[in-house]
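User: Hi! I would like to learn how to read a protein model step by step. Could we go through this one together?

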Amino acid sequence: MLRLFAERKIPSGHAARILGLERMDFLAFLKLRGIPAVDYTVEDWEADGNTIDEIERRRGMAPQADWRASQAGTSRIVRP
């Protein structure tokens, strides 16, 4: 079951139900086993940043484009 989840072939809620666990307990179990609960890539991060910039532009706010430069080369991504 863990392999199927890790390969993203089944969602966490489904895996939890099959194992007889609550979803939050399943997520805690994944953490104990060193299995990431989410698959969030650099591309996902960049797409989210572009979306945020577009929303800010539409609201008349200045986009926070410097957040990309501040995160370049970091292994931990934190958006201010």
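User: What is the mean pLDDT of the protein, and what share of its residues reach 70 or more?
Analyst: Good place to begin, since this is a predicted model. The mean pLDDT is 82, and 76% of the residues reach 70 or more.

User: Where is the pLDDT below 50?
Analyst: The general idea comes first: where pLDDT is low, the predicted coordinates should not be read in detail. Here the pLDDT is below 50 over residues 74–80. The model does give that stretch 12 contacts beyond near neighbours in sequence.

User: Which residues make up the largest nonpolar core?
Analyst: As background, nonpolar side chains in soluble globular proteins tend to be buried together. In this model the largest nonpolar core has nine residues: Leu2, Phe5, Ile10, Ala15, Ala16, Phe26, Leu27, Leu30 and Ile35. H3 gives the most, with three residues.

User: And what does Phe5 touch, not counting residues up to four places away in sequence?
Analyst: Phe5 touches Ile10, Pro11, Ser12, Phe26, Leu30, Ile35, Pro36 and Ala37.

User: At what angle do H2 and H3 pack?
Analyst: Two packed helices are described by the angle between their axes and the distance between the axes. For H2 and H3 the angle is about 95 degrees, and the axes are 9 Å apart. H2 is therefore roughly perpendicular to H3. On the H2 side, Ser12, Gly13, Ala15, Ala16 and Leu19 make the contact, while H3 contributes Arg23, Phe26 and Leu27. By type, the residues of this contact of H2 with H3 are five nonpolar, two polar and one charged.

User: Is Ser12 buried or exposed?
Analyst: Ser12, which lies in helix H2, has a relative accessible area of 9%; it is buried because that value is under the 20% cut-off. Apart from neighbours within four places in sequence, Ser12 is in contact with Phe5, Arg23, Phe26 and Leu27.

User: Which residue has a positive phi although it is not a glycine?
Analyst: That is Arg8, with a phi of about 60 degrees. You will find Arg8 in the loop between H1 and H2. Its relative accessible area is 34%, so Arg8 is partly exposed.

Technical notes. Residues numbered from 1 in each chain as written. Predicted model: local features only at pLDDT ≥ 70, side-chain atom pairs only at ≥ 80, totals over all residues. Heavy atoms only, no water. Core = buried A, V, L, I, M, F, W, Y, C linked by side-chain atoms within 4.5 Å. Buried < 20%, exposed > 50% of the residue type's maximum accessible area, 1.4 Å probe, protein only. Helix = DSSP H or I, 4+ residues; strand = E, 2+ residues; numbered from the N terminus. Contact = heavy atoms within 4.5 Å. Axes fitted to C-alpha atoms, helices over the stretch in contact; angles between N-to-C directions. Parallel < 35°, antiparallel > 145°, perpendicular 65-115°, else oblique. Nonpolar A, V, L, I, M, F, W, Y, C, P; charged D, E, K, R; others polar. pLDDT = per-residue confidence, 0-100.
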